[in-house]
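Subject: Handover of a structure for your study

Dear colleague,

Please find below the structure that I am passing on to you. I would ask you to look through it first and then to read the notes that follow.

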There are 2 protein chains.
Amino acid sequence: METTATRTADTCAGPPQGDRRPDGQDMYTISEVVALTGLSAHTLRWYERIGLMPHIDRSHTGQRRYRNRDLDWLALVGKLRLTGMPVADMVRYAELVRAGDHTYAERFALLKATREDVLARIAELQGTLAVLDRKIDFYADAGRALASERSR
Amino acid sequence: METTATRTADTCAGPPQGDRRPDGQDMYTISEVVALTGLSAHTLRWYERIGLMPHIDRSHTGQRRYRNRDLDWLALVGKLRLTGMPVADMVRYAELVRAGDHTYAERFALLKATREDVLARIAELQGTLAVLDRKIDFYADAGRALASERSR
DNA sequence: TAGGACCTTGGAGTGCGCTCCAAGCAAGCG
DNA sequence: CGCTTGCTTGGAGCGCACTCCAAGGTCCTA
C-alpha cells in the first residue's frame, strides 16, 4: 500500500500540505502560481532555468501548466529558503530527487543536516533576542530616569 | 548615579558583554579586532565608510585604534546581522546614536520592532523545522520499507 | 639601516538572488 | 480586424554585502 508512496516522497510526505487548490484536474497557469505562492513569474521561470524545479508540463501552445505536486515542491522550497539555505543547495537536492530512488540515503542526510542548521539558527536568534531584551530593558529604565529628571 | 550611563546605552547596556579583552588601556589594531570579531579588515573599514561605526580613534600616524566600546558595538552589529537586519537599518540606528539623547524614543521603538522581527523569524524557523521533521520521518519510514522489501 | 609585516586609501570586482527588458506569439472580445 | 491581456525566450541589469586591488606609508626587529 505504501510502496508507491516512495515515488512521491518529495511532493507529498504526509497529508496534501493544506494549501488551497481545487483538486479535480489540477492545472495552474504561471499567474495562478504567482497568486498562490507569492513568488514572481520571473522567479518561477528562473527556478526552472537553474534546475530547481522538476519538469513542468506545457499546454499545446507551450505555456507552463503547473500541477499540485509542483506547488508542493514550491512550498518546500519556500520553507528551505526561510532557513537561509543557498539556492545552489536546493538545486542539489532537486537533482537528487530527479536522479531516482538510489539517492534516498543522501537526501535523508541532507535533510538531517538542514534540520541541525535550523536548530542552530534558532539558538542564534534566541541569543540575539536575549541581547535585544537586555537593551530594551535598559532603554525603558533610561527613559524612566530621564522622565523623572525632567519632572524634578 | 545612573544619569551618566544614558550616554553609553549603546555600548554597555548591562555588564561589559563578557568577551575577552584585556582592560587597562584598551586599544586594538585592526588585525586584533579581526581576530576578536571574525570580521575581515576590509569589512571593518567598509563598516566605517558607510557610517555603521562611531568615530574610531587613530594613532598619531593615522592607524585605527579600536576601543572596548567599539568592540561592544561590533558585537551588537554581529547579533543584528544574524537576524537578517539590512545594514542600512543598522546605519540608521548608528545615526540615531550619534544624533544624541533626543533620539531615545526612536531607538527604543526600533529595538522593539526588531525584537518582534526576531520572534517572527523564530516562529518561521519552527514551522520549517516541523516540515523538515515530517519529511525526515517519512524518509526514515521509506528507508525501512525499502530495506524490508529488499530482504523479502 | 634594511627587510618584512602591517597599515592606509579610493575604487573596482564578485556572488547571490532575483528583476527586468525587448521582441514576439497566442487567445478572447467587439 | 484590431486591441488587450497574458505568456514565451535569452540575456542584461540590479541591490546587497562584502571582497579585493594597487600603490604607497608605517612599525618593529636586528
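A residue is taken to be near a strand if one of its heavy atoms lies within 4 Å of that strand. Please keep in mind throughout that this is a predicted model.

Contacts with the DNA

There are 18 residues around DNA strand C, and those that come nearest are A:His42, B:Ser31, B:Arg45, B:Arg49 and B:Arg64. By class, the residues of this surface comprise five nonpolar, eight polar and five charged ones.

Which part of the strand faces the protein? Among the atoms of DNA strand C within 4 Å of the protein, 69% belong to sugar or phosphate, while the rest belong to bases.

A polar side-chain atom of B:Arg64 lies 2.6 Å from a phosphate oxygen of DNA strand C. In the side chain of A:Tyr47, an N or O atom is 3.4 Å from a phosphate oxygen of DNA strand C. For B:Gln63, the partner of the side-chain N or O atom is a sugar or linking oxygen of DNA strand C, at 3.2 Å. The elements that give two or more residues to the surface near DNA strand C are α2 of chain A, together with α1 (30–37) and α2 of chain B. With four residues, α2(A) gives the most to that surface.

Salt bridges

How many salt bridges are there over all chains? The count comes to 18.

In chain A, A:Arg58 and A:Glu48 form a salt bridge, with their closest N and O atoms 3.4 Å apart. This pair links distant parts of the chain, 10 residues apart: A:Arg58 belongs to strand β1 (residues 57–58) and A:Glu48 to helix α2 (residues 41–49). A:Arg58 has a relative accessibility of 41% and therefore counts as partly exposed.

In chain B, B:Glu48 forms a salt bridge with B:Arg58, the closest N and O atoms being 3.3 Å apart. Because B:Glu48 lies in helix α2 (residues 41–49) and B:Arg58 in strand β1 (residues 57–58), the pair ties together parts that are 10 residues apart in sequence. B:Arg58, at 40% relative accessibility, counts as partly exposed.

A further salt bridge joins the side chains of A:Arg115 and A:Glu116, at 3.9 Å from N to O. A:Arg115 is partly exposed, with a relative accessible area of 24%, and A:Glu116 is partly exposed at 48% relative accessibility. Finally, A:Asp26, A:Asp57 and A:Arg67 are linked in a network of salt bridges.

Yours sincerely,
A colleague

Technical notes
Residues are numbered from 1 along each chain as its sequence is written. Chains are lettered from A and ligands numbered from 1 in the order in which they are written. This is a predicted model: local features need pLDDT of at least 70, side-chain atom pairs count only at pLDDT 80 or more; totals for chains, interfaces and linings use all residues. Side-chain values use heavy atoms; hydrogens and water are left out. A salt bridge is a side-chain nitrogen of Lys or Arg within 4 Å of a carboxyl oxygen of Asp or Glu. Buried means under 20% relative accessible area, exposed over 50%, partly exposed in between (1.4 Å probe, protein chains only). A polar contact is a pair of N or O atoms within 3.5 Å; within protein, one must be able to donate a hydrogen and the other to accept it, and residues adjacent in sequence count only if both atoms are side-chain atoms. Ala, Val, Leu, Ile, Met, Phe, Trp, Tyr, Cys and Pro count as nonpolar, Asp, Glu, Lys and Arg as charged, and the others, Gly among them, as polar.
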